[in-house]
Amino acid sequence: MRVSGSALVLGDDINADLLYPARYMGITQPERQAAHALSGLGPEWPARLAGHAVLVAGENLGGGSAREEAVTALLGAGVRLVVARGFSRLFFRNCINNGLPALACAGLPALDSGTPVTADLAEGWIEAGGARLAVPALPPELLGIIQGGGLLARLRA
Amino acid sequence: MTTLSEQILSRAAGRPLRAGDMAEVTPDHCFVPDDTIALLMHHLERAGVTRLPHPERLGVFYDHFAPAETVEHATAHAEGRRFLKRHGVSRLFEVGEGISHQICVEQGLVRPGELAFNADSHTTTLGAIGCFGTGLGATETAYVWATGRIWLRVPTTIRVVLEGALAPGVAAKDICLALLRLVGPAGATYRALEFQGGAVAALSVAQRMTLCNMAVELGAKAALVPPDSAWPRVSPDAVYEREIVLDLSALEPMAALPGRVAPIADFGAPEIHQAFLGTCTNGRIEDLREAAAILAGRRLAPGVRMLVTPASRAVQSAALREGVLATLLEAGCVLTPPGCGACAGLHMGLLGDGERCVSSGSRNAPGRMGSRAADILLASPATVAASAVAGRLTDPRLLMESPA
């Protein structure tokens with residue numbers, strides 16, 4: 001499974017409060033959540049995200065709250081891949097369970113926003129800034145959840 | 001022999017598990033707070049789930065925005081009540097009853113050796129009584145409600161050895177902040193913490209809850225204090241990924257801003273405008289007593305407001321009976337209904353531009369409690385009270401040494 005797009009680049013320790021402030025919880029449609037995606041970083045960030053299908057971050061992306069709107073708001077905004085040097089447990093689980101590919105890449109170099117990024121989840125590599133980096137491939141169980149459209153798709157099957 | 005996490009998750013999976021294994025587990029409980037009830041109902045409806053197989057394992061807590069502040073929140077509460085009634089889920093903890101984790105422990109909803117999920121990251125708190133508690137997102141919570149099961153990975157364990165005794169004026173919160181400084185906000189990601197060592201026996205359940213609560217601020221999946229029960233027990237040959245030894249007698253009162261954890265003296269006594277005593281981290285009767293001991297016979301500094309939010313109705317009742325509430329109110333504090341209160345920034349006690357709050361909570365991201373242009377300093381209940389009296393971030397030992 002291969003995904004590519006233009007990257008929006010964030011720093012380290014961007015937690016769930018910054019990704020999606022709690023006051024916007026209760027909105028159930030990802031397309032409507034998208035208006036608040038990244039808004040904890042400042043009011044200009046939802047617009048900055050537009051047109052970027054890849055979110056790139058540093059260490060410990062998505063720490064803190066269990067709120068999955070931190071993930072689904074990204075999906076609603078058109079993000080199709082998240083790459084970070086490291087993920088919090090809950091953010092990573094929420095990505096997989098909502099069908100958003102998330103790849104950890106400890107050696108990810110510094111990238112500029114707008115850089116094209118391509119990743120292959122099953123083969124385990126990321127291509128960005130002219131270099132191809134090997135990353136741990138997603139285990140087949142998790143890839144299966146993503147390819148099936150998320151965890152809840154199994155209940156509808 | 002195995003870690004506490006391996007023992008508990010093996011039971012929940014019905015087969016022996018070791019760290020690193022993926023397994024399908026059957027939790028004893030799966031809870032959800034009010035801030036996720038609307039999304040949970042939405043997911044279940046979209047997935048076509050019409051029957052919940054184990055309603056007795058489920059439970060809902062109205063704690064994050066109770067009483068409701070907006071029509072949307074009130075509607076989430078109202079629709080949740082109807083949904084739970086329709087599905088035979090009897091464990092609904094209503095507006096004013098308090099925070100899920102506090103209620104789970106004080107009412108004995110969870111037991112040592114059990115596996116409990118909750119769509120709330122601070123579910124690690126339950127490890128204080130030897131229950132493996134961890135947070136889930138709304139989607140996987142819906143999956144557990146619909147099926148009774150879910151996949152998870154068995155974590156490796158960091159053994160945290162606590163030695164020595166806390167000095168007067170130094171609290172469990174200061175242990176948490178010292179650990180945060182030591183290992184960082186991702187130092188325990190995907191791991192479980194086990195608190196061991198000679199100091200643990202002397203820690204109250206309240207202190208143990210604070211320790212396990214803030215384990216998630218280090219990234220931990222769960223945190224466990226070995227329970228007094230027959231099982232699960234610490235095994236002498238359990239395999240730990242890493243060991244951290246902390247001498248409690250060397251600790252001093254600490255505070256934290258985003259990305260900065262340090263002894264109070266290092267912050268240079270910044271002015272504060274709001275003091276907040278409450279939360280699943282530090283809203284228990286022991287915490288209110290510590291604050292009252294500082295505030296007795298004193299008044300809040302001019303221009304400072306202090307919100308007191310008991311973690312539960314039982315905490316509020318105890319504080320009323322003991323005279324703790326009278327002390328806090330006479331000092332000028334504002335009492336709010338039990339629950340998450342100002343910590344989640346959802347229904348009261350917001351911060352304005354340029355303000356600074358000293359909070360007994362566990363999170364301080366910009367904007368969490370209101371304005372993005374406000375600072376949240378995390379500290380112990382005694383530090384919160386001392387700072388409210390002084391109007392500046394203040395080491396509580398200064399007020400303990402000089403009675404008013």
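A residue is termed buried when its relative accessible area is under 20%, exposed when over 50%, and partly exposed in between (1.4 Å probe, protein chains only). In the predicted model described here, local features need pLDDT of at least 70 and side-chain atom pairs count only at pLDDT 80 or more, whereas totals for chains, interfaces and linings use all residues. Residues are numbered from 1 along each chain as its sequence is written, and side-chain values use heavy atoms, with hydrogens and water left out.

Helix H1 of chain B spans residues 4–13, and eight of its ten residues are buried; helices are DSSP runs (H or I, at least four residues) numbered from the N terminus. The buried positions are Leu4(B), Ser5(B), Glu6(B), Gln7(B), Ile8(B), Leu9(B), Ser10(B) and Ala12(B). After H1(B) comes Gly14(B), with a positive phi near 75°.

The contact between the chains (heavy atoms within 4.5 Å) involves 36 residues of chain A and 41 residues of chain B. About 3100 Å² is buried between chain A and chain B, 57% of it on carbon and sulfur atoms; this buried area is the accessible area (1.4 Å probe) that two parts lose on being put together, summed over both. Within chain A, the most area is lost to chain B by Arg89(A), Leu152(A) and Leu155(A), together 20% of what that side buries.

Two salt bridges are counted between chain A and chain B, a salt bridge being a side-chain nitrogen of Lys or Arg within 4 Å of a carboxyl oxygen of Asp or Glu. The side chains of Arg93(A) and Glu140(B) form a salt bridge, at 2.7 Å from N to O.

How values were computed: Chains are lettered from A and ligands numbered from 1 in the order in which they are written. Helices (H or I, at least four residues) and strands (E, at least two) are DSSP runs, numbered from the N terminus.
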